[in-house]
Every structure is written in C-alpha cells, then in structure tokens.
Protein chains: 2
Amino acid sequence: MRASQALIATLKETPSDAEVISHQLLLRAGLIRKLASGLYTWLPMGLKVLRKVEAIVREEMNRSGAQEVLMPVVQPADIWEESGRWQQYGPELLRIHDRHNREFCLGPTHEEVITDVIRNELNSYKQLPMNFYQIQTKFRDEIRPRFGLMRGREFTMKDAYSFHANQESLQETYDIMYATYSRIFTRLGLDFRAVDADTGSIGGSASHEFHVLAESGEDDIAFSTDSDFASNIEKAEGLADKDQADAATEALEKVATPDTHSIDDVCRFFNVDAIRTAKTLIVKGVEDAEGNTPLIALILRGDHELNDIKAEKLTGIAEPLTFATDAEIKAATGCDIGSLGPNLQLQTYVDRSAAVLSDFICGANESGAHLKGFNWQRDGELPQVADIRNVVEGDKSPDGKGTITIKRGIEVGHIFQLGTKYSEAMNATVLDENGKARTMTMGCYGIGVSRVVAAAIEQNHDEQGICWPTSIAPYQLAIVPLNMQKSDAVREAAESLYAKLSEQGVDVLLDDRNERPGVKFADMELIGIPHRIVIGDRSLKENAVEYKNRKEGDAVNVSLDELDGFIQAKLAG
Amino acid sequence: MRASQALIATLKETPSDAEVISHQLLLRAGLIRKLASGLYTWLPMGLKVLRKVEAIVREEMNRSGAQEVLMPVVQPADIWEESGRWQQYGPELLRIHDRHNREFCLGPTHEEVITDVIRNELNSYKQLPMNFYQIQTKFRDEIRPRFGLMRGREFTMKDAYSFHANQESLQETYDIMYATYSRIFTRLGLDFRAVDADTGSIGGSASHEFHVLAESGEDDIAFSTDSDFASNIEKAEGLADKDQADAATEALEKVATPDTHSIDDVCRFFNVDAIRTAKTLIVKGVEDAEGNTPLIALILRGDHELNDIKAEKLTGIAEPLTFATDAEIKAATGCDIGSLGPNLQLQTYVDRSAAVLSDFICGANESGAHLKGFNWQRDGELPQVADIRNVVEGDKSPDGKGTITIKRGIEVGHIFQLGTKYSEAMNATVLDENGKARTMTMGCYGIGVSRVVAAAIEQNHDEQGICWPTSIAPYQLAIVPLNMQKSDAVREAAESLYAKLSEQGVDVLLDDRNERPGVKFADMELIGIPHRIVIGDRSLKENAVEYKNRKEGDAVNVSLDELDGFIQAKLAG
C-alpha cells in the first residue's frame, strides 16, 4: 500500500478520555475511532490487525477439526426463555422489540442458538463429537463501557460450542481446544498463560482462562518459573516452604506488649520480620441447631493474606466468609483481637506455612500480651492444617517445579466444560447405543478477538508507540524514502524495492507522503511496523539503505547487494 | 474434510414454507437453518460458500484501491437525525434503546457513520479521492421477510463509500467500481448484466444495478444480444424498426366496425396483425390558469404498451400519469374510446414506432368506425414524435448493436452517485486549493453478499439440486468411495487420492460415511459439488475410477495413471 493513498490517521495528542495505554495508542495510531460509548469503527490500519488475528484463529480452529458456522446477531427471546437466561441475565443483555412487537435480544453469546440448531440436526451418538465455531459481532450493554476495546459494547468474538455423548469425549475436545488456544496465542506472538480458573456464572465444572501478561491486566496470575503451572491467584495452592517445623531452640516467654495491635506493631516491637510471627483471625461458623453462631479461628503467618475462597470451603465456616466483630471476639475469648494466638477454646485452622513455624511470636490470648519462642506441640496443640492463604512471589510451585511468580494478566480466552446446563434445559438429546435418548454434554470456548488487539498493545508498546508482534502487525515492513519528491535516485530505489517486496507477498507500506522525515519516522513508530527501511541520497551514494527494527535500538546500513537476503532473514526471524 | 466428521444436514423433503427454489435448496442441501422470521444460521456447508463470495469481493475491492474498514452494527440516533433519515426512514429501520434509554438503531446501511468518520479525518482536497468498504452484518426489519436469503432481515452486505473533491473524481471512481463489480460477478461465475437504473430513495444522480439473470428474478431487464447494453425495461429507449414510413400503397377507406372496442377486436375484424394497427390513449394534461384540465392523445402501435414513466416526462402531461375517463373522452371528442384515431383536436404525441407505420388501421374518431389504409401526411398531420412505449423482444438495441432480449434479473449489486446529499447535511468538508471549505462529493456501492449466494442458486440448479459455479462451491471435488468399510482396495485408493488432493490445496470432500451409494450420490448432487470421483471395486479392477461433472451428463472412466492430470485439467477448466 502507498501511504499517500491510505488513511494514515495518526494523532499528535493523546485523547483525554482514553485511560489505558491500548486505548490511547489505538486512537493515536489511527486504528479505531469512537462512534458512541463502547462503539468503535475500525479504520483501515486497525482492521488489518483484526483480520490477521481472525485469520490465525480461523486457521487453528479449522486445524482442530472444528467447523465454522455463522449465527445471527439478533436472537429471539423464546430460546432464552427455554434456557432460563431471559430472566437471569442482567441489563447487559440488550432486549429489543421488532416492528411486530416481538421480543429479541442482541446476542452477547450463542449457547441457546447453537443448542437449538444442533438439537434439530443431530440424532445419533455416532455423529458426535462435533465442535462448531464462529467469528462474529457480539453486543453486551456494559453499564460503563471503558478502556476502548478492553470493555466495549460491540465487539468481535470467536465462540465455539462442542457436543458430546459423554464426559470423556468432552475432555478430549477440551484438551484439543487447550492445545489449539496455546498454538493460537503463540502464533499471535503474545506472552500468555493458560490459567486454571474458577467457573463463572456461565455454569459447568472445569475451565481455563488464557491471559496475556501485561502490567495493566485486571487479574493477578500466579505461575511457575519452571513449568506450565499457572493459576488465578485466588485459586493457586499455597505450599509451606518446608515439610515440618524446625526443632525448638528458644524458651517460651510472655511479653507485655502495650499498644501493639497489628502485625506491623508486633514486628516493630520485637524487631523481627513478619515471617517470624503468626496472626489469628476470627470468622463466623455455621449456625447450629439452637441458633448459636460459633466462632472459628484462622492462624496465618504474619506476612500472609487470608484467601477468602479457600477459607469458605472449610468445614464449619459460614458462607460467605464473615469476620467476627471486635465485640463478639471479646465476648467469646475475653481478649482483644490484637493479642489473640493459638490455644483458643475455638475450632481452629492453621495455614500450612504457619504450621511449620518454630520459635515464633504470637498473641497470648490476653489483651496487651504476646508470646515469644512459641513452638507447636511443646507450647500448644497443632490445630487442623489447611491451605487458607494467597500465594506470594517465591512460593514453591504446587506442581513441584520452580517457584511462583505473580504478574497481571488480561483475559483473552476462556474454555469451559459446560456439561448439560443448556442441553438439559433445551432438551438436546441424541440416541445412544441402545436407542435411548441421552442429553448431550457440551463445552464452550471463547476468544475475545478484538480484545486480543488491545491486549497485544498493552503488552507490546514503548514511548514511541506500538511494537506489534510481526504476525499481527498492520504491515510487516515500512519503506521510508527521504526527499522522494525531489530525488530521482531515492524515488527509483524506493519504487523498485516496493515493487519487488509486494511481488514477493510481503505486506509492505511505502511512505510516499510529501512529509518531513521526522513526521514519517514518528508515524511508522507510533503505528508500530516491525521493520523499517529508510532510503536517502546519503546512504544511496554508498550503495546502501538503512534498516531499523522497531523493538531494537540502532539503525544499521545494509548494502543494496545484500538487501534481499537481509530482509528475508529479518522477516523470517 | 471428511464427511463423517462434517455436518452433512441434507433433507429429503422440501420444507413447506420455502417458496422459491434457492430457499428450498439452501434448506435441503443443509446450507442454512431458520432461527426466526428472516433470521438464518449459516451451517458449515453454507458458510463455506458465503466466505468464498466474501473473499472474491474483498480481493477485487482491494485491487480497486478501496480500503477496508469495519463500522458498528449498532448506530446512535444523533447522526441519523443530522442526515434527516431518523424521521424519513420507515419501520424497516429497527430503532432500539440501550440500558440508559438512549436511542440507537441496527444499521441497514452506513452512510451516516462513514460520513461522520470521514468529516473528522480528512481535511484537504489533496487526500481525496478515498473509497472505504466493509463486509458486514446489516439489519432491515422487513414487514414480511420471505424467500429465504433473498429478503431476510439480517444479512451480509459489502457496502462502500467514496469521497471526492468534485464530480469528475466521483465519475472516475464510479467507473472503477463499475469495472470492479463486473470482475467480481465474472469471477463468481454468474451470468449478470449491469443495468442503467433509476435512482431510488437513497438520492443522487446516476446509478447502475447489477442483476444476476434468473427466471425467478423480480425485475425485467432489457439487454442487447450483441453489446453491453442493459437497462431496466422501464428505462430502456424504444427505437422504431425503420427510419421513415414506407410509401402509401392503399387508399384510405372508412369501415363500419360495430362492437370492436379493443385492438384484439380490431385485429380479428380486419384479420390483421396488431403491428398493422395504431391505438389512441387519452391522458390528462396539466391544469391551466383557468382551472381547466386539457386532454392529451397518445398514439402507439397496436402491439405496444405505454411506458408511464416516459409519458409523464413529456411537456403538458400531468404527473402522475392519469387516464381520462370514458365520459371525459366522450365529452371532449364526441367519440367512444374504442374508435379514436389520429386527427383529434387535442395535443397529441405519437410513438416512434407508430410514426413509421404506413397503410395502417386506426380509429375514425366516430363511434363504431375505423379507417383502413391510413398514411401519415397524406391522411393526417404527423403529431409530435416521442419515445413513449416499453421496449419488447426483437427491438433494435438503443446503442445500435444487436437486438433487445428481455430476461428477469435478481438485483445483487448497486452503484450510486450520491452527490452531496449526506456530506451537505452532515457538513463534511475539506479545504480546496484556495483554502476554502468545500463539501465533499460522495458515491456508494453495495453488494448483497448473502443474496449473491441465493441468486447463484436461482441461476444454477436442476432437479437434483444445486450446480455451483466452481469458484464458490463449498467443495471443488467430492470423492465417493463405494463400500469403503469393507474393501481395503477402495479405502486405500480413496484415502490416497484424498491425501494427495488435500496436499495440493484442492478443497475436497471425502464421503467416508457409512451410507448406501445412492444416498451419497444424491447428497453430493443436492449440495452441488462440481466434480465427483467415484471409487469402487469394479472400476479399480480395471485400474480406473469414475469421474462425473455436476453439470454434464454421463460419467466417464479415468485410468489411475492419468487421474492426476485429468483432475488438474478439470479444476482449471
């Protein structure tokens, strides 16, 4: 493409309403424009990126054996009533009426439609498994659309739905989708992690999220330095750093600790690190038959944070997790919360890491007093041990390989084992080996195609602009001729290189605009084209042009004789 | 693709609610399924066709220099209020409210959105011309959706919008689009005509429709046997079959013609063909200053039909064209309508073809009498000559090349010169050479992408099903092994051919289903795959397989040694 004939819509100023970097750069590089809140037009330069992401997703979905379909954006209410979601779904489901006053919605997802199609098309278990996907426009009426493409209202999604005779078959396709997603995000050139995830409101029993790692991500991801292990921080298993506590070396000593209420106070008072201390939290238990609510103690190492989700699942603890008030604690223990420790007359859980402490400091169950040199068994019975904390950087990885690192992630994909949630509600059955109707088991698999574009920018940018991975850059290479309008030599060299690369199928942008070199350089860097060739009279005199990689530092001169092979090597590598 | 792993969703029965052949075959071949009135899901086999159409459209639009964009389906009301169409557009525009009760619509077309984008992005006439297109989901809330994809509510459209500094530039791009559309429909393998068209409600000054010719088309197209001339029948110029009337050979004779009121009556009475007669029609003229409405006579050859649109444009005739009543005619002429002829004391127009009649029969302006052997000049003054009739088969083509043929057409594309209708209403200007703001001139160019799929079927089918043009067939070639489950030889030959063709990039379907040969043959013909190879034990014994072309008659045996070259030649041809 010639830049003079393309819509190069770069902006000098950062639009004031763009909060995150991807939104800022999508606007500044001229990739998208806002039409209304949460609605964006893809300009030519941006659409090239979106289409490249789509093409990779489509190729890999086809390779996996999935079949592409296309379902309507507008869906009738009746199938949503069958699944029960017409009532359940909040105002994010945009409900509309047609001219005959019949109810429809704009599809935020297509479980109902595909289940309706498939229950009519498939009859026999022999036709299973089948996996159908589409790359399609979705609508979700966000109450506060923001962050550009990260949380828009209309967006492009790849959604897939698989149908199975049994759980084993679902697991097989699920594993294929896991591998397919890994190939997709690898080909997209993104640093990502597949994260074992809690199932959201969509229902089902097993799921993974695929996150692109980026500072600006909304979720904390814990992953191993040495293996594929990755998990939402809330779900990652916390391991102790040793198998059992060291032997006691100090004597137990009670110390008056006036005005020490928090772990920080205790550390300052004793001049120790928080990892040498234990803290005791009090939560409410399940109400008993007489209507009494017992209290339950949770003991963690001083530097650790309670994980509510893990704690909630323990026997006897009330859901949702509720902390006891200071008054309730005082009434039950006779002690202020700041001085609580082991040996309370309450049901107690101790975190794995607190259970292997020795010679540690803890509350004395007496207001204004702490114990020093506490050792389990010798000074108090070890309570029931459980995993009740959030993992932290440096923890041992739960799979035994390497240690935990925590980074922020942007969710761009999600694979679910739906089970029979929709097929049961909508009576989607096939005949089994014995000729009996059997409800199909389903999986579903999403990728936020337009969100991937934003996430790629969040992960790949610098002060000059976007640094696209080559596979999804709008153009692979930019030719920037200097003074092309006046120098025949420059024009000829630029046109000849442009013609040759175009013929070779390289996606190349010739910046033939009548602009100053500085403007051209800034635009090409802002847009984020991975490879740049500058052609000017000075280097041409030495029979050379200048090459610069968007992500690397300095430009290098390349002889015209070697240019062909040089460019091929750069594009390949 | 293996048929055993694909959704082959063919139906034996024709669904009762499908009125036209494309709708019937789209359902029977398993290409689409109805979700709700006017809303269809594309099944895998159908989507392959749609994507192939899209790919050809995209390639040719890119080749033309147009840039692809993607605009939202959901559009805010404010820009439609700016253009004035929020009020003008009927209930086909589906108006909706978001959760904040703001007004939006589902886009049936995108003039407003693109004009809004471009008025903000382009500043200078130097950036023009630019042409933007998208391939996107549209919604039109038809009151009575029908004919499947021919008149659905949600559909896929390619719409393009060009922006220009002046009319000459618009004409240049318009001509490029005309050529691009011709290339697109040629590559799609369709018999089509570009038709000079009246401009509809969208506004503007010049337009062409692209029609796929098919029996079931909604429009009558007149086109030349020997040139590119094509026109909606209402707009085609009617020429006389000779330059001037032949010399008179008969004497004028008045004949009593009781009970002859119509041209049929006259022909029967005189035992002549209608082309030897003239008929006189009386319409109302424009009301004069005194409030009187004059009557105007129109004389046509007996076999010709009046073209209202042409007549309406003549000086003195009232719009819309209104026929005088029998009583008004009697009052003005003293004669019944069935006996009117030349020489009335009224303003009169004569059609070109009636003006070159000689020795003809016409009314005598005296009830119950006709004239025989009438010749213009000798027997009455020739009135003003005009083109006031519909063209008929066999007419001379208006461009002087060949004769007129009339066929029915399905409109699949439309190119318009919009002018400044939207740019003026929405204040879309650029600075001209003198630094003055100047309203941009616009063109727009649509192709009904999903409609093309239906039109291709309307034009290409037989009793067995669809006969796809190769370029848009879901698969180019089907391999049908007979008794594959039991014969090792058949299975090996089929698998080996399948592997080889797949590797060569041929889009091939291996029908490895455990079905009877008759079922497989019927399905492959119904789906309309252009080339079929049957592999069975009998022919394999002779080292051969059987080839059949979907559109041709008989199958032929092809030796395995020659199969490679044979298939390549068939696919290329």
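**Figure 1. The interface of chain B and chain A.** Between them, chain B and chain A bury about 4,600 Å², of which 63% lies on carbon and sulfur atoms, buried area being the accessible area (1.4 Å probe) that two parts lose on being put together, summed over both. Of the area that chain B buries against chain A, 16% is supplied by L35(B), L70(B) and R99(B), more than by any other three residues. The contact draws 54 residues from chain B and 54 residues from chain A, where contact means heavy atoms within 4.5 Å. The model is predicted, and local features need pLDDT of at least 70, side-chain atom pairs count only at pLDDT 80 or more, and totals for chains, interfaces and linings use all residues. Residues are numbered from 1 along each chain as its sequence is written, chains are lettered from A and ligands numbered from 1 in the order in which they are written, and side-chain values use heavy atoms, with hydrogens and water left out.

Figure 2. In a salt bridge, the side chains of R153(B) and D98(A) meet at 2.9 Å, N to O. Between chain B and chain A, 20 residue pairs are in polar contact, both residues at pLDDT 80 or more; a polar contact is a pair of N or O atoms within 3.5 Å, and within protein one must be able to donate a hydrogen and the other to accept it, while residues adjacent in sequence count only if both atoms are side-chain atoms. The side of chain B that touches chain A divides into 34 nonpolar, seven polar and 13 charged residues, with Ala, Val, Leu, Ile, Met, Phe, Trp, Tyr, Cys and Pro counted as nonpolar, Asp, Glu, Lys and Arg as charged, and the others, Gly among them, as polar.

**Figure 3. The surroundings of S64(A).** S64(A) is placed in the loop between α2 (44-63) and β3 (67-68) of chain A, helices (H or I, at least four residues) and strands (E, at least two) being DSSP runs numbered from the N terminus. A polar atom of the S64(A) side chain lies 3.4 Å from the backbone nitrogen of A66(A). If neighbours within four places in sequence are left aside, S64(A) is in contact with I176(A), M177(A) and T180(A).

Figure 4. Most residues other than glycine have a negative phi, and most peptide bonds are trans. L128(A) and P129(A) are joined by a cis peptide bond with omega about -5°, and P129(A) is found in the loop between α5 (111-121) and β7 (130-139) of chain A. In chain B, the peptide bond from E319(B) to P320(B) is cis, with omega near -5°, and P320(B) is placed in the loop between α8 (308-312) and α9 (326-333). N365(A), although not a glycine, has a positive phi of about 60° and is found in the loop between β17 (360-363) and β18 (369-374) of chain A.

Terms used
A salt bridge is a side-chain nitrogen of Lys or Arg within 4 Å of a carboxyl oxygen of Asp or Glu.
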